[in-house]
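Subject: Structure handover

Hello,

Here is the structure I said I would pass on. Please look through it alongside the notes below.

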Amino acid sequence: SSFILSLCELIAGGKIGLEPIERSAIDFAVRKVYEKFYANNPSEETMPTLADLHKELKKLDNAKRVADSMDMYVTGSHKFFNNRSNVDINNRLVCFDVKDLNLELRKIGMLIIQDAVWNKVAKNRYNGTKTWYYMDEFHLLLQHEQTASYSVEMWKRFRKWNGFPTGITQNIKDLLQTQQIESIFDNTDFICMLSQADGDREIIMNKKNLSKEQIEYVTNSTEGEGLILYGKTVLPFKDKFPTDTELFKLLNTKPSAIKLIK
């Protein structure tokens, strides 16, 4: 499983990554775990956990470093990752929140979430169901090799699976860190922009062939003003949302406005 390899890379890889012999050991251990799973009346209640993988890795001489690195996530302080999910992924709307995870746990948490989303999109594809996937603070997913690689694959493949990934971030520069990540920007058909910083405006002008007149709409623009790029269409917009509505109270995240509402 590519997901298990990515997870082990995060846990044990460090700066040197996983050795080829370790990758082979993980692949062998994963197959052993699932052979047992499918041989004994497979169900959600008997789905393998990290402990099952850990047990198989412990048996292999060429996986000792990986198995030892997993101890903290199986029996140690981070063992809450060693459980079957209690999230009802079949709800029409599912929200994953990682803000309370520290930096070390957040990397693993985001990778697990991405795998859950990937599986859901794949399942919905066969049911003929469309899936919208929104990622706020998208730059966090681009800071780590494994989650960035997953994000790139989603942008390239989800469209064929009736999946619609949407990244929300403050700076275009976040999408230009590497040539691989830049392909996300190049494979995006719909872009909605609010006011942009000087450097970001220059990048957008060059990559999307915008005129100086068009880029003015995201230059020191006020709230609710910006540009929509859809294919070759460039559309300026101005949205003055009424603040005296219940919907505004639900959607607003501006601290000063929240204080006034209360």
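What follows is a list of findings, grouped by region.

Please keep in mind that this is a predicted model.

Helix H1 covers residues 2-13. With 12 residues it would reach 16 Å if it were straight, at 1.5 Å a residue, but its end C-alpha atoms are only 14 Å apart. H1 is also mostly covered, with 10 of its 12 residues buried. These are Phe-3, Ile-4, Ser-6, Leu-7, Cys-8, Glu-9, Leu-10, Ile-11, Ala-12 and Gly-13. The cover over them includes five helices: H2 (20-39), H3 (50-58), H4 (64-74), H5 (103-127) and H6 (145-157).

His-78 is in the loop between H4 and H5. Is His-78 buried or exposed? Its relative accessible area is 10%, so His-78 is buried, the cut-off being under 20%. Leaving aside residues up to four places away in sequence, His-78 touches Met-72, Tyr-73, Glu-104 and Leu-105.

Asn-41 sits in the loop between H2 and H3. Although Asn-41 is not a glycine, it has a positive phi of about 50°. Asn-41 is exposed, with a relative accessible area of 70%.

Aromatic pairs and charges over rings

How many aromatic pairs does a search of the whole structure find? The search gives 13. In one of them, Trp-118 and Trp-161, the ring centres are 5.8 Å apart and the planes are at 80°, so this pair is edge-to-face. Trp-118 belongs to helix H5, while Trp-161 is in the loop between H6 and strand S2 (163-168), so the pair ties together parts that are 43 residues apart in sequence. Both residues count as buried: Trp-118 has a relative accessibility of 14%, and Trp-161 has 12%. Ring pairs also join Trp-118 and Trp-161 with Tyr-150 and Phe-158 in a cluster.

Two charged side chains lie over rings. Arg-125 is over the face of Tyr-126, at 5.5 Å from the ring centre. Lys-208 has its charged end over the ring of Phe-185, 5.1 Å from the centre of that ring.

Helix H7

Phe-185 is also one of the buried residues of helix H7 (residues 179-186). What do the buried residues of H7 pack against? They pack against H6, strand S3 (190-193) and helix H8 (198-208).

The three-stranded sheet

Strand S3 is part of an open sheet of 3 strands, in the order S3-S4-S5 and with antiparallel pairing. S3 and strand S5 (233-238) are the edge strands, each pairing on one side only. On average, neighbouring strands of this sheet are turned by 15° against each other, direction ignored.

S3 and strand S4 (residues 225-230) run antiparallel and are joined by 4 bridges. Within this pairing, Met-193 has Leu-227 in S4 as its bridge partner. Between S4 and S5, which are also antiparallel, there are 6 bridges. Here Gly-226 stands opposite Phe-237 in S5. S4 and S5 form a hairpin with 2 residues between them, and Gly-231 in the turn has a positive phi of about 65°.

Asn-220 lies in the loop between H9 and S4. What is the phi of Asn-220? It is positive, at about 50°, although Asn-220 is not a glycine. With a relative accessibility of 69%, Asn-220 counts as exposed.

Glu-213 has its place in helix H9 (residues 212-215). Glu-213 is exposed as well, with a relative accessible area of 57%, since the cut-off for exposed is over 50%. From Glu-213 to Tyr-230 the separation is 17 residues in sequence and 18 Å in space, C-alpha to C-alpha.

Regards

Definitions and conventions
Residues are numbered from 1 along each chain as its sequence is written. Side-chain values use heavy atoms; hydrogens and water are left out. The expected span of a helix is 1.5 Å times one less than its number of residues. Buried means under 20% relative accessible area, exposed over 50%, partly exposed in between (1.4 Å probe, protein chains only). Contact means heavy atoms within 4.5 Å. Two strands pair if DSSP finds at least two bridges between them. Axes are lines fitted to C-alpha atoms, for helices over the stretch in contact, and angles run from 0 to 180 degrees between N-to-C directions. Rings of Phe, Tyr and Trp (its six-membered ring) pair if their centres lie within 6.5 Å; planes under 30 degrees apart count as stacked, over 60 as edge-to-face and the rest as tilted. A charge sits over a ring if NZ of Lys or CZ of Arg is within 6 Å of the ring centre and within 35 degrees of the ring normal.
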